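Hi,

Here is the structure I promised to send over.

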Amino acid sequence: MNTEAQASILLVEDDASLAEWILQYLRGHNYQLQHIDRGDQVLASVKQQPPELIILDVMLPYKNGFDLCRELRAFYSGPILMLTACGEETDEILGLELGANDYLTKPVRPRVLLARIKALLRREAVEPVDALAQEGLLQFGQLKILRDAKSVFYRNELIPVTANEFDVLWLLASRAGQVIRREALVTQLRGIEYDGFDRSIDIRVSRLRKKLFDNTEQPFRIKTIWAKGYLFSPEAWE
């Protein structure tokens with residue numbers, strides 16, 4: 001299975017001609033693209049519909065890419081690939097220090113852009129985004145998840161979950177704020193290709209929502225992103 005196919009990408013670029021060829025090129029490789037051409041609209045868009053990757057220009061009207069990168073990292077954990085017309089090493093270092101995962105200097109070569117996107121998406125598919133996840137602990141507000149003990153505590157109360165439910169929760173929480181496709185969940189948790197009919201993951205998520213006091217009609221803690229997958233909301237655990 002091509003794990004990058006159909007991934008959602010937000011392109012933030014005010015150069016109309018550059019944006020047009022990037023949109024056409026990446027759509028031709030089966031990515032879903034959304035385009036914004038001004039900086040002040042980005043944060044609200046990402047909060048409403050988080051993409052799986054952001055391509056972020058530095059020089060933007062109303063708010064520059066460096067400020068956006070810093071502000072995005074307060075709630076968005078997916079990969080950010082920065083673009084700039086400036087090749088100064090100090091700008092590259094600044095972008096990476098503010099939370100960018102990678103950096104490309106214009107003029108952008110199509111095949112290089114595609115290779116960087118694929119590498120970032122592959123990395124996100126197998127690595128937890130929170131450094132604490134590698135140490136076996138995730139905490140969001142009053143929710144604490146302990147990997148080795150397969151234990152979940154909310155407001156200091158132990159939440160009884162099965163091993164299968166825990167595996168789903170850990171995978172979603174270790175990529176908090178990022179959409180995880182159902183195909184990826186089935187592949188990683190069951191070791192099989194998703195056939196379009198398997199509902200085992202949906203059942204586990206439904207049970208988790210009930211145990212974690214989520215709204216089963218309009219979930220706000222483990223959200224369903226239509227036609228894509230699930231998103232663990234890191235700010236919903238006070």
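Let me begin with two helices: α6 (residues 163-173) and α8 (residues 200-211) have axes that come within 9 Å and cross at roughly 90 degrees. That makes α6 roughly perpendicular to α8 (angles under 35 degrees count as roughly parallel, over 145 as roughly antiparallel, 65 to 115 as roughly perpendicular and the rest as oblique). Axes here are lines fitted to C-alpha atoms, for helices over the stretch in contact, and angles run from 0 to 180 degrees between N-to-C directions. Helices (H or I, at least four residues) and strands (E, at least two) are DSSP runs, numbered from the N terminus.

On the α6 side, Asn164, Glu165, Val168 and Leu169 meet Ile201, Arg204, Val205, Arg207, Leu208 and Lys211 of α8, where contact means heavy atoms within 4.5 Å. Those residues divide into five nonpolar, one polar and four charged (Ala, Val, Leu, Ile, Met, Phe, Trp, Tyr, Cys and Pro count as nonpolar, Asp, Glu, Lys and Arg as charged, and the others, Gly among them, as polar).

Before going further, the provenance: this is a predicted model, in which local features need pLDDT of at least 70 and side-chain atom pairs count only at pLDDT 80 or more, while totals for chains, interfaces and linings use all residues. Residues are numbered from 1 along each chain as its sequence is written, and side-chain values use heavy atoms, with hydrogens and water left out.

Now the sheets. An open sheet of five strands runs in the order β2-β1-β3-β4-β5 with parallel pairing; two strands pair if DSSP finds at least two bridges between them. Its edge strands, β2 (32-36) and β5 (102-105), each pair on one side only. Neighbouring strands are turned by 20 degrees against each other on average, direction ignored. Within this sheet, β3 (residues 53-57) and β4 (residues 80-84) pair over four bridges in the parallel sense, and aspartate 57 stands opposite leucine 83 in β4. Helix α1 (residues 16-27) lies across β1 (8-12), β2, β3 and β4, at about 165 degrees to β2. Helix α3 (residues 65-72) lies across β3, β4 and β5, at about 150 degrees to β3.

There is also an open sheet of four strands, ordered β6-β7-β8-β9, with antiparallel pairing. Here β6 (137-140) and β9 (157-159) are the edge strands, each pairing on one side only, and the twist averages 20 degrees from one strand to the next. Strand β8 (residues 151-154) pairs with β9 over three antiparallel bridges, with phenylalanine 153 opposite leucine 158 in β9. Helix α6 turns up again, lying across β6, β7 (143-146) and β8 at about 110 degrees to β7.

Finally, the aromatics. How many aromatic pairs are there? The count comes to six, where rings of Phe, Tyr and Trp (its six-membered ring) pair if their centres lie within 6.5 Å; planes under 30 degrees apart count as stacked, over 60 as edge-to-face and the rest as tilted. Tryptophan 21 and tyrosine 25 have ring centres 6.1 Å apart and planes at 70 degrees, so the pair is edge-to-face. Both lie in α1, four residues apart, about one turn of the helix. The rings of phenylalanine 140 and phenylalanine 232 have centres 4.9 Å apart and planes at 55 degrees, so this pair is tilted. Phenylalanine 140 lies in β6 and phenylalanine 232 in β12 (residues 229-232), so the pair ties together parts 92 residues apart in sequence. Ring pairs link Phe140, Tyr154, Phe213, Phe232 and Trp237 into a cluster.

Best wishes
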